[in-house]
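Let's take a look inside a protein. Have the sequence and the 3D view ready, and we'll go through the pockets and then the core.

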Amino acid sequence: MVGLETKNIWVIANWKSNKTVQEALEWISVVGPKLERRENIRVVVCPTFNCLSEVKKAITVGNFPLIVGSQDLSPFEKGAYTGEDPASILKQFIEVAIVGHSERRKNFGETDELVVQKVKQAIDNQIIPLVCVQGKETPVPEGVKLVAYEPVFAIGTGNPDTPENASSVAEFLNQKYGEDTEILYGGSVNSNNVESFISKDNINGVLVGGASLDPEKFIKIIEVCTTL
Ligand code: PEP
């Protein structure tokens with residue numbers, strides 16, 4: 001088994017459409033000071049677009065080892081695209097962008113083609129695209145090195161996939177897209193089950209929705225990852 005201290009572990013909070021600026025800043029003020037600076041642990045917070053600026057500022061001022069990500073980005077460059085947030089503007093706040101989440105595919109018509117365009121925008125602007133795949137059949141665009149396997153049945157249901165199945169999907173994705181592609185698992189992750197996923201050699205972390213909203217619950221997940 002690869003030692004957990006030698007592989008990268010990403011712990012990514014996806015707040016979805018939650019938290020006012022004030023609530024976001026409270027979360028940062030609780031989680032930030034608890035984080036240890038560790039080379040192989042990457043903790044990312046993905047707030048709503050309207051919170052990005054203040055969250056980034058709070059993290060910078062506090063000098064916390066927290067990376068800021070977005071939950072989406074525009075498939076276009078800046079210009080006449082009402083309502084869109086382009087990568088060239090987002091890059092002042094974020095290092096990572098979630099792309100192709102199943103909730104966007106289901107509710108906002110995000111297609112594989114749009115995912116390709118968004119990935120291109122991210123890469124062109126030095127943002128790491130984190131592409132969500134719902135199963136082995138979801139295509140991963142060229143250039144992507146961070147993928148989250150998130151089966152739809154597991155999202156927000158309290159019914160996670162088994163670590164064995166997640167690991168076998170990760171193995172498939174590594175064979176198809178390269179061993180240097182880091183694979184995360186997402187879907188009903190909490191502090192009780194996170195160890196079972198990240199202890200699999202080929203799983204490089206977790207994408208956490210519901211359990212990331214409460215700072216104490218999220219800290220517990222990070223603690224499991226740092227103490228293993
Ligand atoms: C998600 O939506 O990315 C997610 C993993 O949600 P949850 O943890 O709530 O299942």
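## Sorting residues into classes

Ala, Val, Leu, Ile, Met, Phe, Trp, Tyr, Cys and Pro count as nonpolar, Asp, Glu, Lys and Arg as charged, and the others, Gly among them, as polar. This is a predicted model, where local features need pLDDT of at least 70, side-chain atom pairs count only at pLDDT 80 or more, and totals for chains, interfaces and linings use all residues. Residues are numbered from 1 along each chain as its sequence is written, and side-chain values use heavy atoms, with hydrogens and water left out.

## The largest pocket

On a 1 Å grid over the protein atoms alone, a pocket is an open set of points where a 1.4 Å probe fits, with protein on both sides within 12 Å along at least five of seven lines; lining residues have an atom within 4 Å of a point. The largest one has a volume of about 280 Å³ (the space filled by probe spheres set on the points, which are joined across faces, edges and corners). Its lining has 14 residues, and K16, S17, Q71, R104 and F108 sit closest to the centre. By class, that lining splits into four nonpolar, six polar and four charged residues.

## The nonpolar core

Now for a nonpolar core: a set of buried Ala, Val, Leu, Ile, Met, Phe, Trp, Tyr and Cys residues joined through side-chain atoms within 4.5 Å, where buried means under 20% relative accessible area with a 1.4 Å probe, protein chains only. The largest has 56 residues, and W27, V45, L66, V206 and F218 touch the most other members. Another core lies apart from it, with 13 residues, including C46 and L146.

Definitions and conventions. Buried means under 20% relative accessible area, exposed over 50%, partly exposed in between (1.4 Å probe, protein chains only).
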